[in-house]
Amino acid sequence: MNATLSSAAAVARREGARRRARLDGHPLAPYALVLPATLYLLVFQGYPLFRELVLSFTSTSLLAASQGEWVGLQNYADLWNDPDFHRVIFTTLLYTVACVASAIGLGLASALLLDAPFRGRGIARAAVTIPWAAPPVAVALIFIWIYNAQYGVFGHTLRFFGIAAGSENWLDSMQHAMPAVLITTIWQIFPFASVVLLAALQGVPSELREAAVMDGADRLSVFKAVVWPTIRPSVALLALFSTIWSLRRFDLIWLLTQGGPVGATNTLVIDLYRRAFVNHHLGQAAAVGMVGVAIALAVTLVYFRYTARAEREGAR
């Protein structure tokens, strides 16, 4: 009985192997594998994006969404000639660059610390993910309390050290609103960068580090010659994702300042929301969204050009 079952199992394995071999050799096999993901992207990403593009060429009100009027490039021309929108672009780029640079810098520093052996390292690695796991609504409420000029911890600490800015509510100040939003955002997002870079650091071969140390290299030299070339692809991919996420971040900024005061923290996504759901101009809001898509595509193109060049240099 056991021999019969073993023989049948062996036959089944051989038959499965032959079927896999036929599938692997079929010219349409790669297309069949990517077809589900392609259909998903076309239905749930491509079609809505196409509809947004068409909507951006119309003058459509939220109150009469089915009665839009075709205006061509007028919405884009209005944005081009709008000084307030120029400020929105500048604010968005400032916010994005500051978030990406700070998150990756702090994430790399914390990852290097967490990669070193010390007592309680497992607890520290778990604790660093708490800000990233916290809901944006809870984070916003906590920092609104922290930034309060009367009873907030932040203002009290600044006043203790004799800093005049501690007497202001930073979220209501044109000068300090953006730094306050950046501090809150970076506090929440840098743990993700830390976790990703920590995983990349653990992929660095220990033999290469030991060989560099034996050759007399100091820590900085080891990092430049051994660690950085290994983790650089992870840093580049992390920078791409962080840039796209920063361009589209809405909840934290809206909950903290709603784009104010006087547009000091008014990014593309905040401006889109206000045009669509406050001013009821769906066509203009769609044009703002397409500008954001264009910026994200430009960043993605730069990333792929960078990776292609890095691969060519590595092949040499």
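# Chat about a predicted model

Trainee: Thr-257, at 13% relative accessibility: buried or exposed?

Mentor: Thr-257 counts as buried, because its relative accessibility is 13% and buried means under 20%. Keep in mind that this is a predicted model.

Trainee: Where does Thr-257 lie?

Mentor: In a loop, the one that runs between helix H12 (251-256) and helix H13 (268-278).

Trainee: And which residues is Thr-257 in contact with, leaving aside neighbours within four places in sequence?

Mentor: Leu-171, Val-181 and Thr-265.

Trainee: Let's step back. How many helices and strands does the protein have?

Mentor: The secondary structure comes to 14 helices and two strands. The protein has 316 residues, and 34% of them count as buried.

Trainee: What about the accessible surface of the protein?

Mentor: That comes to about 19,500 Å², with 66% of it belonging to carbon and sulfur atoms.

Trainee: And the contacts in the protein with a separation of 6 or more: what share comes from residues 24 or more positions apart?

Mentor: Such residues account for 64% of those contacts.

Trainee: On to H9. What span should the helix have, and how far apart are its end C-alpha atoms?

Mentor: H9 covers residues 177-201, which is 25 residues, so at 1.5 Å a residue the helix should span 36 Å. The end C-alpha atoms are 35 Å apart, which agrees.

Trainee: Where does H9 bend?

Mentor: At Ile-189, by about 35 degrees. A proline, Pro-191, follows within four residues.

Trainee: H9: mostly covered or mostly exposed?

Mentor: Mostly covered, with 19 of the 25 residues of H9 buried.

Trainee: Changing topic. How many salt bridges are there?

Mentor: The count is three. Side chains of opposite charge can pair when their charged atoms come close.

Trainee: Which residue does Asp-82 form a salt bridge with?

Mentor: Arg-275, and the closest N and O atoms of the pair are 3.5 Å apart. Asp-82 sits in the loop between helix H3 (74-80) and helix H4 (83-115), while Arg-275 is in helix H13, so the pair ties together parts that are 193 residues apart in sequence.

Trainee: Is that Arg-275 buried or exposed?

Mentor: Arg-275 counts as buried, because its relative accessibility is 11%. The side chain of Arg-275 also meets that of Asp-271 in a salt bridge, at 2.7 Å from N to O. Both residues lie in helix H13, four residues apart, about one turn of the helix. Asp-271 is buried, with a relative accessible area of 7%.

Trainee: Last topic, the nonpolar surface patch. Which residues make it?

Mentor: Leu-35, Leu-39, Tyr-40, Leu-41, Leu-42, Val-43 and Phe-44, with a patch area of about 720 Å².

Trainee: Take Leu-41. Where does it lie?

Mentor: Leu-41 lies in helix H2, residues 29-55. At 48% relative accessibility, Leu-41 counts as partly exposed.

Note on methods
Residues numbered from 1 in each chain as written. Predicted model: local features only at pLDDT ≥ 70, side-chain atom pairs only at ≥ 80, totals over all residues. Heavy atoms only, no water. Buried < 20%, exposed > 50% of the residue type's maximum accessible area, 1.4 Å probe, protein only. Contact = heavy atoms within 4.5 Å. Expected span 1.5 Å × (residues − 1). Bend = angle between axes of the 7 residues up to and from the residue. Patch = residues over 30% accessible without salt bridge, like charges linked within 9 Å, V, L, I, M, F, W, Y side chains within 5 Å. Areas by Shrake-Rupley, 256 points an atom, 1.4 Å probe, with all protein chains shown as cover. Salt bridge = Lys/Arg side-chain N within 4 Å of Asp/Glu carboxyl O.
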